[in-house]
Protein chains: 2
Amino acid sequence: MEFMEYEKTLDILKNNLISWDRVEKVAITNALNRYLAVDIIAKENYPKSQTASMDGYAIKFNSKCKEYKILGSNPAGEFKFKSLSDFECIKTFTGSLMPQNADTLVPVENVKVTNDKIEILKNVNQGFAVRKIGESYKKGEILLKKGTKISYSEIALLAEIGEFHISVFVKPKVCVMASGSEIKDLGEPLENEAQIRSSNHVAIASMMQLMGCEAIILPIVKDEKETVKKAILNSLKFCDILITTGGVSMGDYDFIKEILDSKTIINGAAIKPGRHIKIAKFNEKYIFALPGFPYSAMVMCVLYVRVLVESFFCATKDHFINAVLENDYTKKSPFLEFSACSLKVDENGIVRANLEGKKNGSSAIVNNLNNEAALLVVPKELKGYKKGDVVQILKMI
Amino acid sequence: MEFMEYEKTLDILKNNLISWDRVEKVAITNALNRYLAVDIIAKENYPKSQTASMDGYAIKFNSKCKEYKILGSNPAGEFKFKSLSDFECIKTFTGSLMPQNADTLVPVENVKVTNDKIEILKNVNQGFAVRKIGESYKKGEILLKKGTKISYSEIALLAEIGEFHISVFVKPKVCVMASGSEIKDLGEPLENEAQIRSSNHVAIASMMQLMGCEAIILPIVKDEKETVKKAILNSLKFCDILITTGGVSMGDYDFIKEILDSKTIINGAAIKPGRHIKIAKFNEKYIFALPGFPYSAMVMCVLYVRVLVESFFCATKDHFINAVLENDYTKKSPFLEFSACSLKVDENGIVRANLEGKKNGSSAIVNNLNNEAALLVVPKELKGYKKGDVVQILKMI
């Protein structure tokens, strides 16, 4: 069987994208980790008027004058004294508006107050402690781009500009279906030593949640053609993406590949792990048939499913970085390989990729992805890498 | 006013930690981003018996023999044929047990099947495609340490070893209370130009959620001493940590510092932003009184609150890394400074910290923390940095 290059399979996937024109409104207090569906543009300058950035006395700057008469006080949220004359000052608090013709704030620490006068003990420069109009942003500025993943500071910004109910992309519904007659579900006892516990379904569901999707874990299906077919067709009624694990390799019981047949857009790729991956498209829905070994399935989820999901969200984050490899690496296959590694930044700011603690063996080793592992990318044409080589790394989630 | 060094304030906080001996059980399907409260140890070798890592024919390796008689088939989950003789083979599928005295799997692609015989067309080495006993982990191995943040692959591992209901640390309840008479809540109209919209409460609450806490946003309180006092004391009835913003600097309306007085363990620090920070401890509860400016408050949350919360979770992640600075930086204060920057890894694997697009100005600029910003750390004793210097970076969340 000839396997297609990874880049070529990605091109096929990218040529089969749909426009995810599904937007919902959510309160910003429910928007953490969602993806913005619109650009957010500043409707006005912020701050709109000049404000004090400390507690002190607002003055019209005059380098020769040391004494100012206190006209009054503008506590935060009030604006009684809107202007002042030369040699006058107004007590002004952090965040309060500056009188319109004042240009400098003398902090309380720098003055001595006697009755209704201040004496400046320590000079400041003109403009000190004044937030200029538009210091944070100016009217018309694009503050957040469509496709931005909303984190804490984006929520702060949305609150500041008065956006309460915002447009985000609807979460794709992703069904996760593990297949295999040897697979037992969470909490089910193993009846013989040939049975194993399913880990794929919970792992993939967690990954999809972390990628911003709604994950639905389906019942595990046995290797019976009609059962598998029914479960697949049924899931397409209520999900946007179906991810199956198992049943795609060369065995007599690998039915999934047959069922997808006429709808298959990608049928295998020259990669390790995961060369038996199948991707099918049914109208606006996608099926990713991933291998049964959990390491393979989790890596495939990043190599393919993330590409689709991030296209839905208009997200543009690059997950590849370069790093310096700390060990030799010998290729195990003639394919493009993805091998688990740990990343660390050294004292010179260099990202170091390390293979220690990553067990050599099959694609079944779940624990190789623990502790925020990443993937060492080894191109098809290379035999491996030497310690000290600059290598490409693909970040997991 | 003399300000204490950051390191010294951290020492005080660390001397005032409590033991967070609060553990709950959660299903692994609800455990994403929680922190493990126990070590997870392998109770048995995995795999327990040798298994096939591909679809093929199990044999006793013999470099001279090309033909084997097919004894039968062991589909995944069944184990009818437990042993074989020389020159016999058993059809064996990915994930199936290997017959006990077989040592090699010949993949289906490598053989020609005629009636009940296979002929090996392409040789494999002894041991090929067999998962050895304990390949993933051995009995007694520590698989996950107490304090591990649970992500997708940790969930996969827990499922694999049959842990369904696991011990995680209880989420601390964190109340967030913005104070200030000029502050209006989400959706409230501004009545005059001296009023501003609160962003701190939603930002800090989001940060605490991202740090693994349960966040409760309290009503905004006005700058009235009795109101503030009552709100603080009331919140301590139902939270473990109270974070207030505003009301801590030198102004006439800054009551929070007075209220905390006798319980204060940290009273200011020689840092920019945030020198007016106050931390108080009431028995097993903590109050962090942060500055009112949102950039300051968010940075303080990382500098202090995260230290406390991660001690509760026994988390050991280091948030400091080194990087190469791409711009000159001039200190703005005589203090230890934390200034927003962007991080990028270049083609040689070097982490580059960049200050472009980060607006110069007061600590009010929320948007400086957007797009996954980090903090450039500039020690007290330096005047600044030159382009190309190796600098310390503190990661936000």
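Buried area is the accessible area (1.4 Å probe) that two parts lose on being put together, summed over both. The exercises below use a predicted model, in which local features need pLDDT of at least 70 and side-chain atom pairs count only at pLDDT 80 or more, while totals for chains, interfaces and linings use all residues. Residues are numbered from 1 along each chain as its sequence is written, chains are lettered from A and ligands numbered from 1 in the order in which they are written, and side-chain values use heavy atoms, with hydrogens and water left out.

**Exercise 1. State how chain B is related to chain A.**

Step 1. Superpose the copies by least squares on the C-alpha atoms of residues with pLDDT of at least 70 in both.

Step 2. Find the residue of chain B that comes closest to the rotation axis. That residue is B:Ile350, whose C-alpha lies at 2.2 Å.

**Exercise 2. Describe the interface between chain B and chain A.**

Step 1. Take the area: about 7,400 Å² is buried between the two chains, and carbon and sulfur atoms give 57% of this. B:Tyr152, B:Glu193 and B:Arg197 supply 10% of the area that chain B buries against chain A, more than any other three residues.

Step 2. Count the residues in contact (heavy atoms within 4.5 Å). There are 99 in chain B, and they touch 99 in chain A. Because 100% of the interface residues of chain B are also interface residues in chain A, the copies meet through the same surface.

Step 3. Count the salt bridges, each a side-chain nitrogen of Lys or Arg within 4 Å of a carboxyl oxygen of Asp or Glu. Six are found between chain B and chain A. One of them joins A:Glu141 to B:Lys359, with the closest N and O atoms 2.8 Å apart.

Step 4. The largest share, eight residues, comes from α2(B).

**Exercise 3. Which residue does B:Glu372 meet in a salt bridge, and where do the partners lie?**

Step 1. The side chain of B:Glu372 pairs with that of A:Lys317 at 3.3 Å, N to O.

Step 2. B:Glu372 is in the loop between β25 (351–354) and β26 (374–378) of chain B, and A:Lys317 is in the loop between α6 (294–312) and β22 (320–325) of chain A.

Step 3. Classify both by relative accessible area: buried is under 20%, exposed over 50%, and partly exposed in between (1.4 Å probe, protein chains only). B:Glu372, at 61%, counts as exposed, and A:Lys317, at 48%, counts as partly exposed.

**Exercise 4. Classify the partners of the salt bridge between A:Glu191 and A:Lys184.**

Step 1. The closest N and O atoms of this pair are 3.3 Å apart.

Step 2. A:Glu191 has 60% relative accessibility and is therefore exposed. A:Lys184, at 10%, is buried.

**Exercise 5. Is A:Ser167 buried or exposed, and in which strand is its place?**

Step 1. A:Ser167 is in strand β12 (residues 165–169) of chain A.

Step 2. Its relative accessibility is 14%, so A:Ser167 counts as buried.

Step 3. Leaving aside neighbours within four places in sequence, its contacts include A:Val23, A:Glu24, A:Tyr35 and A:Val38.

Methods. Helix = DSSP H or I, 4+ residues; strand = E, 2+ residues; numbered from the N terminus.
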